[in-house]
Amino acid sequence: MKTLKEEPIFNCSAKSLWNILSDVSRCDWVPTVDAITLEGDCRIFQMEGIGSVKERILLLDNELMKLQYSAIESKMPIEHLATMQISEINATSCKLEWSTEIDPEMFAEAIHQGMLVSIEGIKAVIANEAG
């Protein structure tokens, strides 16, 4: 199993970032996803290059600003566990700690590229909401 980790800093409050990420039906920050459908504790979406993916939301903790989810159904034989944790730096900036455990490792590069594109998507959403 390979672990991927990104720790970007965002120019917004921790609460503002949490408002974006904690809305698990929101996909405007994921460029390869057009829509998300919620089904109980799961979200379902089509992802470019991967097809239909169903993820179970394992943890959505508003106090800790922590989200954890796992892919449970996809066309690819993949095991996946992701954790997003936000920490406040000051009133106008915060850090996202985003880690993903992925198996088999052959999917790691594609998942990592998806994380990087999504981080840029989050930055664009923050800029758009601020401006």
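Mentor: Lys-54 makes a salt bridge with Glu-39, with the closest N and O atoms 3.1 Å apart. A salt bridge here is a side-chain nitrogen of Lys or Arg within 4 Å of a carboxyl oxygen of Asp or Glu. This is a predicted model, where local features need pLDDT of at least 70, side-chain atom pairs count only at pLDDT 80 or more, and totals for chains, interfaces and linings use all residues. Residues are numbered from 1 along each chain as its sequence is written, and side-chain values use heavy atoms, with hydrogens and water left out.

Trainee: Which strands hold Lys-54 and Glu-39?
Mentor: Lys-54 is in strand E5 and Glu-39 in strand E3, 15 residues apart. Strands (E, at least two residues) and helices (H or I, at least four) are DSSP runs numbered from the N terminus.

Trainee: Is Lys-54 buried or exposed?
Mentor: Lys-54 is buried, at 16% relative accessible area, while Glu-39 is partly exposed at 44%. Buried means under 20%, exposed over 50%, and partly exposed in between (1.4 Å probe, protein chains only).

Trainee: What does Glu-73 pair with?
Mentor: Glu-73 forms a salt bridge with Lys-54, at 4.0 Å from N to O. Glu-73 lies in strand E6 and Lys-54 in strand E5, so this pair ties together parts 19 residues apart in sequence.

Trainee: How many salt bridges does the structure hold?
Mentor: Eight. One of them joins Asp-28 and Arg-26 at 2.8 Å, N to O.

Trainee: Changing topic: how many aromatic pairs?
Mentor: One, counting rings of Phe, Tyr and Trp (its six-membered ring) with centres within 6.5 Å. Planes under 30 degrees apart count as stacked, over 60 as edge-to-face, and the rest as tilted. The rings of Trp-29 and Trp-98 have centres 6.2 Å apart and planes at 70°, so the pair is edge-to-face. Trp-29 sits in the loop between H1 and strand E3, and Trp-98 in strand E8, so the pair ties together parts 69 residues apart in sequence.

Trainee: And which residues have the most contacts inside the largest nonpolar core?
Mentor: Among them are Trp-29, Trp-98, Phe-10 and Leu-17, in a core of 37 residues. Such a core is a set of buried Ala, Val, Leu, Ile, Met, Phe, Trp, Tyr and Cys residues joined through side-chain atoms within 4.5 Å.

Trainee: Which element gives the largest share?
Mentor: H2, with seven residues.
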